[in-house]
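Keep the structure in view while reading.

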Number of protein chains: 2
Amino acid sequence: MAAPPPKPRSVSIREVAALAGVSLGSASRVINQVPGVSDNTRERVMKAITELGYRPNHAAQALRGRRSRTIGCMLTDVANPLYARLFRAVESRFREAGYVVLLANSLNNPQWEIDILEMFHSRGMDGVLIAPGNERHAQVLAAVQALEMPAVILDRDIACEHDRVQFEHAQGMQHAVSYLLGLGHRDIGLVIAPAHNRPMRRRLEGFQAAFRAAGLPAPKDFIVHLPGAMSPAFDAVSELLQRPRRPTALLTMGTSVLNDTLNAIHRQRLRIPQDISLVSIGDPDFARSYTPPLSALRVDLDTVASQSARLLLDRIEGRQGVAEPRRVKVDVEFIVRQSCAPASGAA
Amino acid sequence: MAAPPPKPRSVSIREVAALAGVSLGSASRVINQVPGVSDNTRERVMKAITELGYRPNHAAQALRGRRSRTIGCMLTDVANPLYARLFRAVESRFREAGYVVLLANSLNNPQWEIDILEMFHSRGMDGVLIAPGNERHAQVLAAVQALEMPAVILDRDIACEHDRVQFEHAQGMQHAVSYLLGLGHRDIGLVIAPAHNRPMRRRLEGFQAAFRAAGLPAPKDFIVHLPGAMSPAFDAVSELLQRPRRPTALLTMGTSVLNDTLNAIHRQRLRIPQDISLVSIGDPDFARSYTPPLSALRVDLDTVASQSARLLLDRIEGRQGVAEPRRVKVDVEFIVRQSCAPASGAA
DNA sequence: GTGAAAGCGCTAACAG
DNA sequence: CTGTTAGCGCTTTCAC
């Protein structure tokens, strides 16, 4: 570890005050728009500021004011388009409020999740917005619970005293499956990632609830848990489609799994929706532009972002006191496009 | 703008020193692993640290040391998978070196780009890694040139005194096109985004260079500039494919444009590669898993990340002095898969 | 309305 | 080897 030579000092509020011929305090008052400064003083300070190209030193402000105007955001992976868009939305909400968002990818590694939370602490984040990948890891759990700043937990089931934003996966899924049942489908397949986390659990619940509500047994054999998050789904789906009795409708994760699924479907020379109906869990760009456009489950990320921001800012700016942890539910909408048709044998 | 009440003060190095029964200076030495501390002292301080749960205050360190151990990263949009992966790689390189990366999306908005650079300044970034969307915008340009910290410009042509990492788009493209020419293709289409920026310019150069090298005229009519970055390419590609004389090979941006292109191709009932050869510019996940796997132009983002990190860290840690701006070129590889076949009329 | 001064938490220089 | 001390740049009392 080399000894990084410090940067040259840049212009400080002292020099501004000096050039303006006022005291340090007055300069500060002008900069912070504190009322009760004479026009004369203000003008001279402003002039000095532009003349010197003065910029407030953030570290000094943070040290003195004990707040960094920075929000920590821990996600498993921005390369997941869902998270990328979420981050964009979150960043823009907070920017409006004068905060900067520090993004950290945990890549699902428990130790990194702990390290990142630690880093959020020592860097004095004013608040954090996190979706830990390890919901059940004792130490991650402890680190989350020990968070000393306002926090919002994003779509995870973690026992702690923080605010939460949760997606209504179960309802959304139930809606989609009921729709398929209504089209006469009974052999409905579900292809999901292996992660044992809140979203997956809830989706499964919704899937089963839909059958239960229709007085039908859920087709257990058609639920495919992929072996790994990044595992190619092509083989698994192909196998599913080649069974003597194959599903007539499929719900699959709208990630790379969806691509694999489409490939597998085409390979079997099945047509969407005539031969098989398809619903994407998640709504990637191309679901809309695909031929045919794919029906999908979607959560509105702008809503998620603004709700999360509201929860966090309420606390940060003292609007919420030490009130109870709050829970905000965000709908999972089912977008009907053209990838589902009545079950052939059932019309 | 409410007046955010400051957070409660957390434990400081003073309290650590007090509990350990040593001076503030000794505590600091232990924390910073400065050699020349007795084992006794070290142990007592360490004990006090864990006992109190002490964490160094980053703002104070940054203020005092005039470095933030933070790298600013400005990209147009993390929702672009290329940038998402790049960020991941960059983040991980810098994390190893003890730095945190602050990501900001400019969404191509010139004013935001200026604001972000300004923010990087006042927050005392130790270095920045930027790919401004607006290469030709006077004020953005000025802001980039005025950057007062070590900077790496990512794949942009901007006249300034900063280090650069540039992708060899021209060579990569020339390679791919030569390959197609070698397969007997003459009517080669190119579908690219409208952005007038370095990557696009270089690709176009490479495209033309390949024809020139083969002693052939570049087919100007087959170059499609999409109207907007997000514009659906479906119609444009369909039009291309329906011409009396249609391209027998196509190179298209490996973004949503690729999906649209594939849709258009299928809609015309053309088969890949028998009826039309296809090359993706950029290598999204599904290019590999598609049926057939798609040949693609790819840049190794780990290389980009580590080169960028090296350039930046060299300067930050004073290894490079005030030397000339450096330029690092990164290959654009052409990955041959199975989406290209000999031109039918030419075998 | 303005100035002087204290101190946020830390590191590094200096004296012992 | 250890303690003391002087600020880093800023905001915010408290006097005037």
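## The sheet of chain B

In chain B, six strands make up an open sheet with parallel pairing, and their order is β2-β1-β3-β4-β5-β11. The edges of this sheet are β2 (100-105) and β11 (327-330) of chain B; each has a single partner strand, so one side of each is left without a neighbour in the sheet. From one strand to the next, the twist averages 15°. The model is a predicted one.

Inside the sheet, strand β4 (residues 151-154) of chain B pairs with strand β5 (residues 163-167) of chain B in the parallel sense, over three bridges. At one position of this pairing, B:I153 stands opposite B:R164 in β5(B). A helix also lies across part of the sheet: helix α13 (residues 301-316) of chain B lies across β1 (70-75), β3 (127-130), β4, β5 and β11 of chain B. The angle between helix α13 of chain B and β5(B) is about 170°.

## The sheet of chain A

Chain A has an open sheet of six strands in the order β2-β1-β3-β4-β5-β11, and the pairing is parallel. Its edge strands, β2 (100-105) and β11 (327-330) of chain A, each pair on one side only. The twist averages 15° from one strand to the next.

The pairings can be followed strand by strand. Six bridges join β1(A) and β2(A), which pair in the parallel sense, and here A:G72 stands opposite A:L102 in β2(A). Strand β1 (residues 70-75) of chain A is also joined to β3(A), by four bridges, and these two strands run parallel. In β3(A), A:G72 has A:V128 as its bridge partner.

## Around strand β3 of chain A

Which strand pairs with β3(A) over three bridges? It is strand β4 (residues 151-154) of chain A, and the pairing is in the parallel sense. A:V128 has A:A151 as its bridge partner in β4(A). Between β3(A) and β4(A) the chain passes through helix α7 (residues 138-145) of chain A, and this β-α-β crossover is right-handed.

In a regular strand, side chains alternate between the two faces of the sheet.

## Chain A as a whole

The secondary structure of chain A comes to 13 helices and 12 strands. Its radius of gyration is 26 Å, well over the 20 Å that the globule rule gives for 347 residues, so chain A is more spread out than a compact globule. Along the principal axes, the C-alpha atoms of chain A fill a box of roughly 90 × 45 × 40 Å.

Of the 347 residues in chain A, 52% are buried. Among contacts in chain A with a separation of 6 or more, 68% are between residues 24 or more positions apart.

## How the two copies are related

Two copies of a chain are related by a rotation about an axis and a shift along it. Here, chain A is superposed on chain B by a rotation of 180° with 0.1 Å of shift along the axis, and the RMSD is 0.1 Å. That is the relation of a two-fold axis.

Why can the copies be said to meet through the same surface? The reason is that 100% of the interface residues of chain A are also interface residues in chain B.

Note on methods: Residues numbered from 1 in each chain as written. Chains lettered and ligands numbered in written order. Predicted model: local features only at pLDDT ≥ 70, side-chain atom pairs only at ≥ 80, totals over all residues. Heavy atoms only, no water. Least-squares fit on C-alpha atoms with pLDDT ≥ 70 in both. Contact = heavy atoms within 4.5 Å. Pairing = 2+ DSSP bridges. Right-handed = clockwise from strand over helix to strand, strands pointing away. Axes fitted to C-alpha atoms, helices over the stretch in contact; angles between N-to-C directions. Rg over C-alpha atoms; globule rule 2.2 N^0.38 Å. Buried < 20%, exposed > 50% of the residue type's maximum accessible area, 1.4 Å probe, protein only.
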